[in-house]
Amino acid sequence: MSSDVNLIAARYARALFNMATEKKQHDALKKDLLALKGVLAKSPELRKFLVNPVISRTQSEKAMNAVLAAINASPLTQQFFALLARRRRLEITPAIIEKYLAQLAQMRNELVVHVVSASSLGKKQVEFLSDVLEGVTRKKVDLKLSENSELIGGVQIRIGSQMLDSSVSGKLARLRLALSKAA
């Protein structure tokens, strides 16, 4: 993504954040944006539609309104995306969503932590992991859990751009690298 697109997305995200603060609608907006993010992730056709320059502003606005109605989006969300459609900025929707959610997490002193495990973690394991991470980071932790059987065992934890890999496959890869350097 170019720096111009990042700047534009950041401005729209900041404006949306300010409107949500003014109207005290951060929770509803977060719910709407996460739902929209899910729809975009599952629909390559919608993503292509958003970037198609042949589609008129009116068609874009109607399509986005239909998507937002399907997820029961709040009026603030509908107004914001209608504005994006009129200004032909729908293509930066994913970047706006990410920047808004990051700004909200920062305001709430929250930290999104992605945890990938070889098998599903039990409730006590998740609570323990959350408590440890909250103690280390001194922030409220929002765990995003997923599974990957290729890890064999253990977990991978990603906080922002930092990765802690304590998986069996990660340890084997490091051992393989060390052995290849020694040979």
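Guide: In this predicted model, Ser 56 counts as partly exposed because its relative accessibility is 28%, and the partly exposed class lies between under 20% for buried and over 50% for exposed. Ser 56 is placed in the loop between α3 (44-51) and α4 (57-70). Across the fold, Ser 56 and Arg 86 are separated by 30 residues in sequence, while their C-alpha atoms are 9.0 Å apart in space.

The chain as a whole gives this position its setting. Eight helices and four strands make up its secondary-structure elements, and their order along the sequence is α-α-α-α-α-α-β-α-β-β-β-α. Contacts between residues at least 6 apart in sequence join residues at least 24 apart in 69% of cases.

As to overall form, the C-alpha trace spans about 65 × 35 × 30 Å along its principal axes. The radius of gyration of the chain is 20 Å, whereas a compact globule of 183 residues would have a value near 16 Å. Of the 183 residues, 32% count as buried.

The chain exposes about 11,500 Å², of which carbon and sulfur atoms supply 56%. Its charged side chains comprise 29 positive and 16 negative ones, and the centres of these two sets lie 4 Å apart.

Methods: Residues numbered from 1 in each chain as written. Predicted model: local features only at pLDDT ≥ 70, side-chain atom pairs only at ≥ 80, totals over all residues. Heavy atoms only, no water. Helix = DSSP H or I, 4+ residues; strand = E, 2+ residues; numbered from the N terminus. Buried < 20%, exposed > 50% of the residue type's maximum accessible area, 1.4 Å probe, protein only. Rg over C-alpha atoms; globule rule 2.2 N^0.38 Å. Contact = heavy atoms within 4.5 Å. Areas by Shrake-Rupley, 256 points an atom, 1.4 Å probe, with all protein chains shown as cover. Lys, Arg positive; Asp, Glu negative; His and termini not counted. Charge placed at Lys NZ, Arg CZ, Asp CG, Glu CD.
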